[in-house]
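Have a go at each task before reading the solution.

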Amino acid sequence: MRYSKFFIPTLREVPADAEVVSHQLMARAGMIKKLASGIYSYLPLGLIVIKKVEQIVRECMNEAGAIELTMPSIQPAELWEESGRWDFYGKELLRIKDRHNRDFCYGPTHEEVITDIVKSYITSYKALPINLYQIQTKFRDEVRPRFGLMRGREFVMKDAYSFDVDDAAANISYQKMYDAYCKVFERCGLKYKTVEADSGAIGGSFSHEFMVLADTGEDFVISCDSCDYSANVEKAPLKNDHVAFSGEMKAIEDVETPNAKTVSEVAKILNIPEGDILKTMVLDVDGKLVAICVKGTHDVNLAKVKNYFGASVVDLAGAGEVFDSMGSPAGSCGPVGAKIPVYGDFAITAMGNFSVGANVKGVHKINVNLGRDFEFEDMGDFRNAEIGDTCTACGGKYQITKGIEVGHIFKLGTKYSESMNAMFLDNNGKRKPFIMGCYGIGVTRVVASAIEQNHDESGIIWPVELAPFKISVLPLAMKDKDVVDAAEKIYMDLIDKGIEVLLDDRDERAGVKFKDAELTGIPLRVVIGKKTLAEGKIELRARTESEATEISFDGCIDTIVQKLEEIASKA
C-alpha cells in the first residue's frame, strides 16, 4: 500500500477525552474516530487490525470444529420474553419499537436467537454435538462508556454457542473452546491469565474469563501466592476464618454525625478507624428490599449477593426506597431495629464495639455489638476479596493484579433450552433439553488490549500477527530518483513475497515519516537515504530497537525477510 493513496489521519495531540493509552494511541494513529459516546468509526488502519484479529479467531474456531453463521443484530422481544430475560437484563439492553409499535432490541448477545434456530432444525441426538458462532457488531448501553474500544457501547464480538446431549459431552465442548481461546490469545501475542468468573446476566453453572494483564485494566484479578487458583473479583470466595469478638462490650450510645454520608466522613467525626464502622447497603433483590452489612473498609459484592439469593437481578435501592424502608438516607442506615431483613458478611464476626447508622438522619450508634444489640438473618460471603485474604483452595494469601477481560466462556446448562422448550430425542426416544455453552471474545477489545500491553512513549508496538503492515519502507528524499527507484524496488520485491508493506511515498520531512512509523507501530522499518544509498547501503530498524542497522542494498530482500522472521519469533 502506498501511503499517499491510503487514509491514515495521524494526530500529534492527544484527544481531550482519551484517558487510557490504547484510546490515545488509536485516535492519534488514525485508527478510530468517535461518533458518539462509546461509538466509534473504524478507520482503515484500525479496520485492518480488527480484521486480522477476526481471522485469527475464525481460524481457531474452525479448527476446534465450530461452524460460522450470522444472525440478525435486531431481535424481537418475544424471544427474550420466552427466555425470561426481557424484564431482567437491565438498562444495558437497548429496547426499540418498529413502525408497528412492536418491541425489539439491539442484541447485546444471541442466546435466544441461536436457541430458536437450533430447536427449529435439530430434533435428534444424532445431529449433536454442534457449535455455531458468528463475528458481529453488538450493542450494550453502558451506563458509563469510556476508555475507547475497551468499554464502548457498540463493539465487535465473536459469540459461539454449543449444544450437547448431556453434561459429559458439554464439558468436552467447553474444554475445546477453552483450548481454542488460549490459541487465539497466544497467536495475538498477548500475555493473559485464565480466571474463574461469575456468570452474570448470561447465567449458567460456571465460567472462565480470559484476562489480558495490564496496569490500565479496569478489572481485578485475584490469584493465590501459594497455588495456581485465580478468579475475578466478583467470583473469588473468602474463607470464614474469623475469630468471634470476645472482649468487653461497652454501653451503646447515639452520637450526632451531621452531614456525614460516607464511611470516611463518619470516621473523622467519631475519631475512629474506618474498620470500626459497619457499612449498611440497602439492595433491591428481585423486587424485595434487603440490607447487607460489611466492614467499613470492605465493598459489597453484588454478584455474591445475587448468587446467595439465587436472584435474577440485584441492584442498589433508590434513595426513596432506602428512606421508606430504613427511616433515614443511605449514609445513616444501620442494622439495629431495621424493618427489613438484614444480612452480614462473615468478617463482622470478629468486630466488637463498632459504629452503625442509627436509622435517623445525621445520627450513628457507637459501641454496637452483634448478638447483644441485633442479629442477622444470616451471615455469608458478601464482599470483594482483598490483598492478604485467605485462599479457600490452599490457605495461601490472595494477591491482586489488574486485567482487561477479552474473553468469557460459560457452561449454560439448560437455562435457555428449558425456558424456550428447545428439545431433542435421545437414543431412547425421550425428549430432553439441549445442554448449552456460550463463548465470547471481544474482538475490538483485543485490539485495544494489545496496545495496552505493547507501546512506548512514541506509539504502538504491534505484535507481528496483528500489525496492519509488517514493514514500512521510508524513502527520505522523494525528489531523488535513485532513492525513489530503490524504495520502489524494495517495495515491489517484498509484495512479490506476499509481505504486507506500507511505502511512505509522501513528500514529507524525514522526522514526520519517522514519527508516523513509530506511532502506527509497524514492526520493521526500511529507510532509504541519499547518503547511505550512495554507499550502497540502506537501514533496517525494528520497532523495538533504539538503533538502526546498515545493510547492503544488493540482496537486501533476504536480509529484510530474515529480520522480520526474527522479530516474529521473539514475540
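Predicted model: local features only at pLDDT ≥ 70, side-chain atom pairs only at ≥ 80, totals over all residues.

**Exercise 1. Compare the backbone and the accessibility of Asn101 and Asn367.**

Solution. Begin with what to expect: most residues other than glycine have a negative phi. Asn101, though not a glycine, has a positive phi of about 65°. Asn367 also has a positive value, with phi near 60°. Then find each one. Asn101 sits in the loop between β5 (94-97) and β6, whereas Asn367 is part of strand β19, residues 363-368. Last, check accessibility. Asn101 is at 54% relative accessibility and therefore counts as exposed, while Asn367, with a relative accessible area of 13%, is buried.

**Exercise 2. Find the peptide bond from Leu128 to Pro129 and state what its omega tells you.**

Solution. Most peptide bonds are trans. Here, omega is near 5°, and the bond from Leu128 to Pro129 is cis. To locate Pro129, look in the loop that runs between α4 (111-121) and β7 (130-139).

**Exercise 3. Describe how helices α11 and α14 pack.**

Solution. First pick out the helices: α11 spans residues 481-496 and α14 spans residues 556-570. Their axes lie 10 Å apart, at an angle of about 60°. That angle makes α11 oblique to α14. The crossing is right-handed. Now see which residues meet: α11 brings Ile490, Asp493 and Leu494, and α14 brings Cys556, Ile557, Ile560 and Val561. Sorting the residues of this contact gives six nonpolar, no polar and one charged.

**Exercise 4. Step back and describe the whole chain: how many helices and strands are there, and which domains are assigned?**

Solution. Count the elements: the chain has 14 helices and 31 strands. Then divide the chain. Domain 1 takes 46-219 + 406-451, domain 2 takes 253-380 and domain 3 takes 469-570. The centres of domain 1 and domain 3, taken over C-alpha atoms, are 42 Å apart. To finish, consider burial: 52% of the 571 residues count as buried.

Note on methods. Residues numbered from 1 in each chain as written. Heavy atoms only, no water. Domains from an automatic or database assignment. Axes fitted to C-alpha atoms, helices over the stretch in contact; angles between N-to-C directions. Helix = DSSP H or I, 4+ residues; strand = E, 2+ residues; numbered from the N terminus. Parallel < 35°, antiparallel > 145°, perpendicular 65-115°, else oblique. Left-handed = near helix turned anticlockwise from the far one by under 90°. Contact = heavy atoms within 4.5 Å. Nonpolar A, V, L, I, M, F, W, Y, C, P; charged D, E, K, R; others polar. Buried < 20%, exposed > 50% of the residue type's maximum accessible area, 1.4 Å probe, protein only.
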